[in-house]
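Take a moment to look over the sequence and the model. The paragraphs that follow go through its parts in turn.

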Amino acid sequence: MKQANGQEIIQLFETWSPKKLACMENDPIGLAIGTLNKKVNKVLVTLDVNEEVADEAIETGCELIIAHHPPIFRKLSNLRTDTPSGRLYEKLIKHDIAVYAAHTNLDVAEGGVNDLLADALQLQEVKILEKTYSEPLMKLAVFVPIGHADELRIALANAGAGKIGNYDSCSYSSPGEGRFRALEGANPLIGHEGEIKVAKEEKVEVVFPTSMKNRILRAMLNSHPYEEPAYDLYTLDLEVNEQGIGRIGTLNAPMTLREFAEYVKKQLDVPFVRIVGKVDEKIFKVAVLGGDGNKYIHIAKRAGADVLVTGDMYFHTAQDAQAIGLNIVDPGHHVEKVMIKGVAEKMTSLCEEAKLSVQFIQSKVNTEPFILI
């Protein structure tokens, strides 16, 4: 195991929850405070960052905090240390504690906040509630001398091309003839300068997500025997890597809305929930969305959900949900605390695989502002 630095830790984090998954406009994700260019032995994982969390990071010797809610949500017009937020930023900077925020990208990521909530509710046959991200598929068609085609196919597969569903190393080949003339200064694999040459070739075709384009082209160029490979590159009218916000699945067995509300309290470890709907109505298909889900009541209804589990439900939105026959269970925004354990465990696993020596500490500070009287 080697000593980790902040850059390496966050690079691993972003292989799981990349910034491109963020689905809120101008979402202030990424490094918010401090620097990642330093050695990091301990990382504190928290839902929110307040002064109590900062004190916890200081006491536990953490050099980095990974938070779900960004500590700087709007642009600062000043940085006064006689305000609550200013005192917080001053304390973090003075103790050289960096803060990295993963907000809606962590909501969307596979294994992120919404999957953790679906897992906590033991939902079955879980699917994305609303797609927010996908990538166009590309195709590379490259022409290679017949004796070199296998080597090229292997190089492309190793770079990640040709993965289709549960299969990899997928490619298609067709034979043909290539014609060329080497000009002055060329060093042709076949033939001589000034000579028209006909070569037996294969056309090798592979597909890959658009985000892999540069890596695939590098692999092709590095493994191709020609000085100037001939190839075609297409963007296809197909999409892959679909990801999205919220999840929808089914319960092991139906229960009434009243029973389900009690179940949510227990499974998500919250002291109370608010509900909208008839308490004796049967619940089987469940949509879940961490944080504020007010915009998703119609999406949940169209997806066939009997109930939407989400936080911060507005009065008039609750009335609208009631009108369209969608039950609501609101356990509060703070239910996203499930990310603390989930992120700590995921990052521990990723760092162990990368042989990085770093400890992830789960915050014990309760940042829930509401209490029930």
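In which strand does N241 lie? N241 belongs to strand β9. The model is a predicted one, and the values below are computed from it.

N241 is a place to begin with the backbone. Most residues other than glycine have a negative phi. In N241, which is not a glycine, phi is positive and near 55°. The residue is partly exposed, at a relative accessible area of 39%. Q122 is another non-glycine residue with a positive phi, of about 55°. Q122 sits in the loop between α5 (113-120) and β6, and its relative accessibility of 42% makes it partly exposed. A positive phi near 55° also occurs in D96, which follows α3.

Strands of a sheet pair through backbone hydrogen bonds, either parallel or antiparallel. Strand β9 (residues 230-256) pairs with strand β6 (residues 124-145) in the antiparallel sense, over 14 bridges. Within this pairing, D232 of β9 is the bridge partner of A141. Strand β6 also pairs with strand β8 (residues 196-209), again antiparallel, over nine bridges. Here F208 in β8 stands opposite M138.

Another group of strands makes up an open sheet. Five strands take part, in the order β2-β5-β4-β3-β15, with mixed pairing. At the edges are β2 (30-33) and β15 (359-362), each of which pairs on one side only. Direction ignored, neighbouring strands of this sheet are turned by 30° against each other on average. Strand β2 is joined to strand β5 (residues 98-101) by three bridges in the antiparallel sense, and G30 has A101 in β5 as its bridge partner. Helix α1 (residues 6-16) packs on the sheet, where it touches β3 (42-46), β4 (64-67), β5 and β15. The direction of α1 makes about 15° with that of β4.

Helix α3 is linked to parts of this sheet as well. Its buried residues are G86, L88, Y89, K91 and L92, and they pack against β2, α2, β4 and β5. How do helices α2 and α3 lie relative to each other? Helix α2 (residues 51-60) and helix α3 (residues 84-94) pack at an angle of about 10°, and their axes are 10 Å apart. Angles under 35 degrees count as roughly parallel, and α2 and α3 are therefore roughly parallel to each other. On the α2 side the contact involves E51, A54, D55 and I58, which meet P84, R87, L88, K91 and L92 of α3. Five of the residues in this contact are nonpolar, four are charged and none is polar.

The last topic is the aromatic rings. A pair of aromatic rings is described by the distance of the centres and the angle of the planes. The whole structure holds four aromatic pairs. One of them is F260 with Y263, a tilted pair with 6.3 Å from centre to centre and 35° between the planes. Both residues lie in helix α8 (residues 257-267), three residues apart, about one turn of the helix. An α-helix has 3.6 residues a turn, so residues three or four places apart point the same way. Are F260 and Y263 buried or exposed? F260 is buried, with a relative accessible area of 0%, and Y263, at 18%, also counts as buried. Elsewhere, F13, W16 and Y100 are linked into a cluster by ring pairs.

Methods:
Residues numbered from 1 in each chain as written. Predicted model: local features only at pLDDT ≥ 70, side-chain atom pairs only at ≥ 80, totals over all residues. Heavy atoms only, no water. Axes fitted to C-alpha atoms, helices over the stretch in contact; angles between N-to-C directions. Helix = DSSP H or I, 4+ residues; strand = E, 2+ residues; numbered from the N terminus. Parallel < 35°, antiparallel > 145°, perpendicular 65-115°, else oblique. Contact = heavy atoms within 4.5 Å. Nonpolar A, V, L, I, M, F, W, Y, C, P; charged D, E, K, R; others polar. Phe/Tyr/Trp six-rings, centres within 6.5 Å; stacked < 30°, edge-to-face > 60°. Buried < 20%, exposed > 50% of the residue type's maximum accessible area, 1.4 Å probe, protein only. Pairing = 2+ DSSP bridges.
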